Amino acid sequence: MHTYTNFEFIILDDGSTDNTYKLISQYTDPRIILMGDSNNVGNYKRRNEGCKLAKGKYICVMDGDDIAVPNRLEKQVEIMEANPHLLALGSDFRWINGGIYKKPKTYDIIKIMLLSNNMFLHPSLIIRRDILEKVNYYNEEYYFSSDYDLMCKIALLGEVDNIDDCLMFYRAHQKQISTKHHVKQETYANQIRLKYAEACGFILSEAQKDTLTKLMSQRYDNGDIEAIKSLIDILKSQNKEREIYDNKLFNEFLKRYSIQNIEKMHN
Amino acid sequence: MEQPQISIVMPVYNATKYLKDSIDSILSQSFSDFELIIVNDGSTDESLDIIKKYNDLRIVVINNSHNFINSLNMGITAAKGKYIARMDADDIMMPDRLEIQYRFLEKNRHIDICGGWIHTFGSYEREMQTKQQSKDIILSAIFHCPLYHPTIMMRKEIRELFEYNDEIYQVYNEEYVYAEDYKLWTDLLTKKCKFENIPQILVKYRVSETQVTSLFQKEMLMKTCKIQNEYLEIIMAEIIKINEKYYDILDNAIDLYNSSKLSFDNLKMIVYSIGSNVSDKLFEKEYKGEQPLISIVMPVYNVEEFVKRSN
């Protein structure tokens, strides 16, 4: 599967009711470690179990249906080894039946864009194990938003980036998360955004926080426009004052949330 | 036959009375992916008939002439499983013994051998515990056998640390019969294998009413002393290797012991207390090269179709 051979492959069966466990247990490759049991405890609990068990210097968390290009690990490890300050590294990806999806590049830009959402295709990431331990792994309570939360926590510690290269094929999930979950996920994503904004150094009132989540999740209406205007001014001035992000890049980022753009989108 | 996860090695010598209970406790385990290797150690009673009545495909029978150590080694050599578990023909496994140990070894890959507690029955009933951590096991082996033999489960590769003569791994040493298990543990400890005992009762251990002969007791004591003597020397060398400042005190202790001014028990106590200071470093394994650079972590749920495709 991979050209890189110095790895261990920890597979955690989350209580499959089909023959998954049996089929996997027939592999005799000593690098495969099959764990898990008959309980369905959830993907993120299993991820954490696996990550805590892992012995490698680097960790890649994948899902059962992800496909990597053959030299993926080699390429990523080479970059990680050459850049000790780099804590996590993702990549662009190709839809299995279609186009290329480019991810934002450079730490300075990603740091800013994490205010709005996760900037990584999670299965494309390689993460230093000691960093994963330092941020206390995935926050299991956030469900599918745990990926976003994890990358915010890591970006606050140091450099993260995406390689300008397609290392993954990605299959869109056929199973849809139900609307109930969607609301839950949105709530978690908002909590994560605010936590991240605060950790970066912004100081916001409750009303401003509310506006920020509406803006970043793009769930606002015309009644919010005044509040958004003033929030953008505050973000700009705090950023300048507190030297949070690169000023030029941050102002560019905020441009897409400028009133003209918002009004354009609404009309 | 598919490769089982666990091979249970059980020597049987004239065990008619308790054999059925013992086998039943194995076949009804919550973890079912195992082979039960029964080595008939030259039984002259109906033991073999009892075994033959079972129709379970997981049972493998090996016949040998009466030679306990050789029978044990034959069983270990025949094992196909990832792990080898020991069991005696008059003991009873707790219903989830195999599952507990299997999970433990899957999870704790730095551990080579795990044992557990026993609950005696027969002439008297008592819960018998053991030291749990590797470093405590290393030190407790100075005084006594640190594991309960019928509770152990170990990685199969361990057998490759021993000579392979006459197509049999010489894991147990005939020279130390009556204390062959104690000898094996001290051997493996000095070979830097990592031990851990699970603080749970894994096996019900039958204490038989039959009197142990005094000849047997004397033999066992002699073998035990021999093992402790040899082990003590290795531990002392190991301590000095870790920290040279202990050389003089240990050297003096040996002189005193040799001139009968110090009892063997006191000598053991001295080595034990000095060893406690460096217990973290005793028989430390060097992990270099064994550690993978990358860990790929993948939770799966009902991905049968996908697994089939990627074959």
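Reply: A charge counts as sitting over a ring if NZ of Lys or CZ of Arg is within 6 Å of the ring centre and within 35 degrees of the ring normal. The model is predicted. By that criterion Lys191(B) lies over the face of Phe162(B), and the distance from the ring centre is 5.2 Å.

Me: At what distance from the ring centre does Lys111(A) lie over the face of Tyr107(A)?

Reply: The cut-off for a charge over a ring is 6 Å from the ring centre. Lys111(A) lies over the face of Tyr107(A), and its distance from the ring centre is 4.6 Å.

Me: How many helices and strands does chain A have?

Reply: Chain A has 267 residues, of which 51% count as buried. Of its contacts with a separation of 6 or more, 72% are between residues 24 or more positions apart. The secondary structure of chain A consists of 11 helices and eight strands.

Me: Among contacts in chain B between residues at least 6 apart in sequence, what share join residues at least 24 apart?

Reply: Chain B contains 10 helices and 12 strands. Buried residues make up 51% of its 311 residues. For contacts in chain B between residues at least 6 apart in sequence, the share that joins residues at least 24 apart is 80%.

Me: Which residues form one aromatic cluster with Tyr245(A)?

Reply: Leaving aside neighbours within four places in sequence, its contacts include Lys111(A), Leu115(A), Tyr196(A), Phe202(A) and Phe250(A). The residues that form one aromatic cluster with Tyr245(A) are Phe202(A), Phe250(A) and Phe253(A).

Me: How far apart in sequence are the parts that the pair of Tyr44(A) and Phe144(A) ties together?

Reply: The structure holds 18 aromatic pairs over all chains. Tyr44(A) and Phe144(A) form an edge-to-face pair, 6.4 Å centre to centre with 90 degrees between the planes. Tyr44(A) is in helix α2 (residues 43-53) of chain A and Phe144(A) is in the loop between α5 (129-134) and α6 (146-157) of chain A, so the parts tied together are separated in sequence by 100 residues.

Me: Is Phe144(A) buried, partly exposed or exposed?

Reply: Buried means under 20% relative accessible area and exposed means over 50%. Tyr44(A), at 8%, counts as buried. The relative accessible area of Phe144(A) is 45%, so this residue is partly exposed.

Me: What is the angle between the planes of Trp185(B) and Phe195(B)?

Reply: Trp185(B) lies in helix α6 (residues 180-190) of chain B and Phe195(B) in strand β11 of chain B, 10 residues apart. Trp185(B) and Phe195(B) are both buried. The two form an edge-to-face pair at 6.2 Å centre to centre, and the angle between the planes is 85 degrees.

Me: Why is α6(B) described as largely enclosed by the rest of the structure?

Reply: The buried residues of α6(B) include Glu180(B), Lys183(B), Trp185(B) and Asp187(B). Among the elements that cover them are α3 (68-78), β6 (113-122), β11 and α7 (214-242) of chain B. Helix α6(B) is largely enclosed because its buried residues number 10 of the 11.

Me: Which side chain of opposite charge is nearest to Glu196(B), and how far away?

Reply: Glu196(B) lies in strand β11 (residues 195-207) of chain B. Among the residues it touches are Phe104(B), Ile111(B), Gln132(B) and Ile137(B). A salt bridge requires a nitrogen-to-oxygen distance within 4 Å. Glu196(B) is buried without a salt bridge, and the nearest side chain of opposite charge is Arg155(B), at 10 Å.

Me: How far apart in space are Leu121(A) and Gly90(A), C-alpha to C-alpha?

Reply: Leu121(A) is in the loop between α4 (107-113) and β7 (126-128) of chain A, and is buried with a relative accessible area of 5%. Its contacts beyond four places in sequence include Phe93(A) and Met168(A). Leu121(A) and Gly90(A) are 31 residues apart in sequence, and their C-alpha to C-alpha distance is 6.8 Å.

Technical notes. Residues are numbered from 1 along each chain as its sequence is written. Chains are lettered from A and ligands numbered from 1 in the order in which they are written. This is a predicted model: local features need pLDDT of at least 70, side-chain atom pairs count only at pLDDT 80 or more; totals for chains, interfaces and linings use all residues. Side-chain values use heavy atoms; hydrogens and water are left out. Helices (H or I, at least four residues) and strands (E, at least two) are DSSP runs, numbered from the N terminus. Buried means under 20% relative accessible area, exposed over 50%, partly exposed in between (1.4 Å probe, protein chains only). Lys and Arg count as positive and Asp and Glu as negative; His and the chain ends are not counted. Contact means heavy atoms within 4.5 Å. Rings of Phe, Tyr and Trp (its six-membered ring) pair if their centres lie within 6.5 Å; planes under 30 degrees apart count as stacked, over 60 as edge-to-face and the rest as tilted.
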